[in-house]
Amino acid sequence: MKLEFIGADHGVTGSCHYVEVGDKKFLVDYGMEQGVNVYENAPLPVPPAEIDYLFVTHAHIDHTGMIPELVARGFKGKIFASNATVELCNIMLRDCAHIQEEEVKWRNRKALRAGKPKEMPVYEMADVEASLKLFNGVNYNQTVKVDENITIRFIDAGHILGSASIEVWLTEGSESRKIVFSGDIGNFNKPLIKDPQYIKDADYVLMESTYGDRLHEANVDHVSDLAKIIEDTFDRGGNVVIPAFAVGRTQELLFFMRQIKQNNLVKKYPNFPVYVDSPLAIEATNVFKDNLTECYDEETKALVEQGINPISFPNLKMTVSSDESMAINFDKSSKVIISASGMCDAGRIRHHLKHNLWRNESSVVFAGYQAFGTLGRALQDNVSEIRLFGEYISVNAHIETLKSISSHADKTGLIKWITSFEKKPAHIFVVHGDDRVCDSFSKELRDKYALKAMAPFSGSVFDLITGEWIKETKGVAVAQRAPKEAESSVYLRLLGAGEKLLKIIKDNKHGANKDLAKFADQINDLAKKWEI
C-alpha cells in the first residue's frame, strides 16, 4: 500500500497522485501543467494501461487536462467524479482540445513559412470522446465501494461547481488506512455555491496550499468596486475587459453584474451591455442551472424559488460564433467583455486584449489568480509592452485587480479545514502550492498546531502501512529538463496499445504453454509486418 507524488508538489498545476493498494492502482487527478513550474512533475510509475481507476476532485484543467492523453496512452479504467464535474468535463475537455488544435494550426502556419518542423497537439478530440465514456458520476456524501480494496466518498470542497475533497478507504489484507485528498479548498461566503464541508477523520491527508501564505482582505465589496471601475471606464469612453475562468469565475461575475444592475450602481449607464464571449463559459453557465439542488447555497436557492435567475439580467449578450466575437470589437460603444482564458494564455480573451490594451480609455480587470509565467501575471506586474499574434502592443489600458475574489481558501480557511479533523492525522502532506508556500505552510502547521506536516517533492514514495518513506526526492528543476520530442496523438495511441499488450502478456504468465506459444507466434508475425 503506497502513495507516490506525481504532480503539483511544490507547484500549483499538473495535479496528480498515484496509489497502489493490493493489486489495484489508481490516480487522483491527472492535470495539465500551466504557466511555469519550478520543479518537474514525475512520470507515472506504471504504464497507463495498468491503472485501474482515476478519481477526479474537480473539473479545472490543471486537475483534468491530461486525462485524454492518459486514455490515448492506454488507460481504460473507470473515472469517478461528482455529477457536476462529469458535466463540466464534458465541455471543458472538448474545449481544451479545440484550443490546442487551433493554437497548433496557427503556430504551424508560421512554422511552415519559417521552414520549421510542425508541432502536434497534446491530444485530439477523438481522445476526449474516448475519455468521456469512462466517467461515472457520484453524488456528494455517497459512499461508493469501488472494489474489495477501495471505497470512496466525495465531499463538497466549495471551490467551484462540483468540486470535492475525496475520502478514500484502503484495505490490503488485514491492514486498513484512510486517506483524504483535499482537492482545491474553497473560499468562504462565495456567491452561488456552498462553503466547503469539513471531514472528521483520516490517517493521511493531502491538502492544497495555494494561498497558504496570505490572507484575503476582509469586508471587500466586489460589487461596488466593480461598479466604480465600469463607470470610470465608460466615462473615458473605453471598454472593461475581464479575463475570467469559464467555470466558476464567469458565473460569479454575472452574479455581481446582476446586483449592479438591480441596484442601479452605474447610474449614468443603467443599461450597459455585458458580453460573455466564451462558448465554454456559456455551456458552463447552463451546467450551473442544472445542478442547483446539490451545489447552490441557500441564498441562491432562495432567488431561484422566487423566479429570479441569479446569473441573468437585461442586456446580457452571449456570443458563440467567431463572427459574433469579432463583431464585439467593431462596435465602438462602451461595454463589459468577459472572456476566457482567465490567465490570458489562450482563447478569445487574447483578441480582446489586442484591441484594448493599447487604449488608455479601456480597463483590464483581473478577477482571479495569475500564475507565474502567464500573460495575465505579466500584465499584473506592469509590463509596458506585450507580444500578441506576432505584434508588439503597448500596455496603456488601466490594469485593475479585484482583491480577495479567489475561489481558493486563504491561510485562515486552510487552517480551519485541517484543524476541523477531530483526531489529528498521522501525516499531512502539503501540496499544490508555490515552492516556498508549501514549505512555509507545512512549517506553520508543525510549529503552531503540532501537526505532522511536510511538503514532499514529485517522485517521492510513501508506505501507507508502515508510515515511512520508501523514497524521498529533492525535486528536479524544470530548467534541467531535456527538450521533449513532440509526439502525435495517434502515436500515443499506438504506444498505449503496446503497453496494453504487455499487460495482457503479464496477466497470462501462468497460461497453458500451448496457448502462450500460439500467442507469441501471433505477436511475432505482427512484428515482422512492421519491422524496419
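Quick housekeeping. This is a predicted model, so local features need pLDDT of at least 70 and side-chain atom pairs count only at pLDDT 80 or more, while totals for chains, interfaces and linings use all residues. Residues are numbered from 1 along each chain as its sequence is written, and side-chain values use heavy atoms, with hydrogens and water left out.

Let's start with the sheet. Helices (H or I, at least four residues) and strands (E, at least two) are DSSP runs, numbered from the N terminus, and two strands pair if DSSP finds at least two bridges between them. We have an open sheet of 7 strands with mixed pairing, in the order S7-S8-S9-S10-S11-S20-S21. Strand S7 (143-145) and strand S21 (453-454) sit at the edges with a single partner strand each, so one side of each has no neighbour in the sheet. At the S7 end, 3 bridges hold S7 antiparallel to strand S8 (residues 150-156), and valine 144 has isoleucine 152 of S8 as its bridge partner.

Now the helices on that sheet. Helix H13 (residues 411-419) packs on it, touching strand S9 (164-172), strand S10 (175-181), strand S11 (204-208) and strand S20 (427-431). Touching, or contact, means heavy atoms within 4.5 Å. The direction of H13 makes about 165° with that of S11; axes here are lines fitted to C-alpha atoms, for helices over the stretch in contact, and angles run from 0 to 180 degrees between N-to-C directions. Helix H14 (residues 435-449) lies across S11, S20 and S21, at about 155° to S20.

So what about S20 itself? Buried, for us, is under 20% relative accessible area, exposed is over 50%, and partly exposed is in between (1.4 Å probe, protein chains only). In S20, 5 of its 5 residues are buried: His427, Phe429 and Val431 on one side, Ile428 and Val430 on the other. S20 runs parallel to S11 over 5 bridges, with tyrosine 204 partnered by histidine 427. S20 is also parallel to S21, over 2 bridges, and there isoleucine 428 partners alanine 453.

Back to the charges. The total is 22 salt bridges. Lysine 178 is in strand S10 and aspartate 201 in the loop between S10 and S11, so the pair ties together parts that are 23 residues apart in sequence. Lysine 178 is buried at 4%, whereas aspartate 201 is partly exposed at 39%.

Another one joins glutamate 252 and lysine 190 at 2.7 Å, N to O. Glutamate 252 belongs to helix H6 and lysine 190 to the loop between S10 and S11, 62 residues apart. Both ends are buried: glutamate 252 at 3%, lysine 190 at 8%.

And that takes us to H6. The axes of helix H5 (residues 222-236) and helix H6 (residues 249-262) come within 10 Å and cross at roughly 75°. H5 and H6 are therefore roughly perpendicular (65 to 115 degrees). Among the contact residues are Leu226 and Ile230 of H5, and Phe256 and Met257 of H6.

Methods: Parallel < 35°, antiparallel > 145°, perpendicular 65-115°, else oblique. Salt bridge = Lys/Arg side-chain N within 4 Å of Asp/Glu carboxyl O.
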